[in-house]
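Hi,

Here is the model I promised to pass on. Have a look at it first, and my notes follow below.

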Amino acid sequence: MYRLTSEQDVRAAQVRQLPALETLITDRHSILGLIGNTPLLRIRGDETHDVQSHVYAKAEWFNPGGSVKDRAALSMIRHALRTSLLTPGKALIDATSGNTGIAYAMIGSALGYRVVLALPGNATGERKQILRAFGAELLFTDPLTGTDGAQLHVKDLVAAHPDAYYYPDQYNNPENWKAHYETTALEIWQQTKGRVTHFVAGLGTTGTFVGTSRRLKELNPAITCIAVQPDSPLHGLEGLKHLATAIVPGIYDPGLADEQLTVSTEESYAEVRRLAREEGLFVGVSSGAASAASRMVGARERTAVVVTIFPDGGARYGSEHFWNQQEEV
Ligand code: PMP
């Protein structure tokens with residue numbers, strides 16, 4: 001029988017396992033092989049005779065975990081496996097109830113790694129159910145301390161048991177933006193045959209905006225990159241940050257943003273209703289913000305090719321009341 005005797009042997013066994021993991025990640029018959037290469041959809045919006053701009057959106061809910069965060073989570077986990085930050089016996093730990101948590105849970109399940117997520121006790125039922133379905137272990141923290149409390153709890157656990165956990169820290173992990181530098185930007189370039197003139201994306205961890213903008217500007221420095229944020233600190237744009245009042249992610253590079261636009265929660269709600277009712281697109285609230293900002297840019301520029309990101313689908317927001325609101329006429 002083969003027995004591991006020392007740390008070196010454990011390392012050696014880990015290295016021997018890596019090609020199998022790489023195969024799983026790139027295999028077309030593996031769920032992980034389906035991450036990325038999302039469709040580019042045309043948004044019709046307000047096309048008129050005097051506006052000849054085209055607005056397109058990457059349909060990121062086509063990723064197997066249902067959101068853009070599959071790309072970043074896969075990139076961080078793959079790097080952690082290659083560099084032995086994540087080894088058999090360690091669990092991936094983070095504080096997120098959002099799309100990143102779902103992406104970790106799905107990828108952890110496919111690769112056979114435990115995923116532990118700390119969430120405020122009042123996180124929504126739909127998200128908790130998805131995380132549980134993928135077998136993630138959930139630690140509930142005091143709702144009064146919000147997501148900051150969950151983050152602190154994770155940091156304390158990692159400090160106390162450094163050998164038990166791998167903590168990706170998506171706000172400061174370059175693999176987050178590199179996922180978009182290596183995939184999202186190249187897909188946009190190929191899907192528009194290099195005709196993209198404007199790139200518009202919301203800021204959360206900022207990985208999507210930073211990685212995609214950085215690569216697009218290398219491919220064509222004339223491309224204008226526009227960052228979208230909520231218009232106030234208290235907002236309903238799940239996944240997006242109001243940077244003036246938030247902790248600015250370490251990976252953010254403000255120099256990449258040629259322009260900053262703000263969108264209100266109400267405008268975003270109205271736009272997701274419009275996309276669902278007029279264009280057959282059932283998308284999440286941050287997609288509404290991205291769409292509203294992109295259509296504004298398209299109308300202003302008149303002959304632009306605007307590309308944006310629709311981070312997730314509408315089903316994750318199914319129980320929210322804004323779907324039932326009527327537009328004022
Ligand atoms: N929209 C949604 C719904 C998200 O979950 C996220 C990720 N936080 C974003 C937008 C922003 O993406 P990023 O973290 O890459 O800035």
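Let's start with Ser84, which sits in the loop between helix 2 and strand 3 (91–94); helices (H or I, at least four residues) and strands (E, at least two) are DSSP runs, numbered from the N terminus. Ser84 is not a glycine, yet its phi is positive, about 60°. At 15% relative accessibility Ser84 counts as buried, where buried means under 20% relative accessible area, exposed over 50% and partly exposed in between (1.4 Å probe, protein chains only).

Before I go on, a word on the source: this is a predicted model, in which local features need pLDDT of at least 70 and side-chain atom pairs count only at pLDDT 80 or more, while totals for chains, interfaces and linings use all residues. Residues are numbered from 1 along each chain as its sequence is written, and side-chain values use heavy atoms, with hydrogens and water left out.

Thr206 is another non-glycine residue with a positive phi, near 80°. You'll find Thr206 in the loop between strand 7 (198–202) and helix 7 (207–219), and it is buried at 1% relative accessibility. Most residues other than glycine have a negative phi.

What does Leu237 touch beyond its neighbours within four places in sequence? Its contacts (heavy atoms within 4.5 Å) are Pro230, Val263, Ser264, Thr265, Ser268, Val285 and Ala289. Thr265 is 28 residues away from Leu237 in sequence, with 6.1 Å between their C-alpha atoms.

Now the overall picture. The chain has nine helices and 10 strands. Its radius of gyration is 20 Å, close to the 20 Å that the globule rule gives for 329 residues, so the chain is as compact as a globular protein of that length; the radius is taken over C-alpha atoms, and the rule is 2.2 Å times the number of residues to the power 0.38. Buried residues make up 53% of the 329.

Cheers
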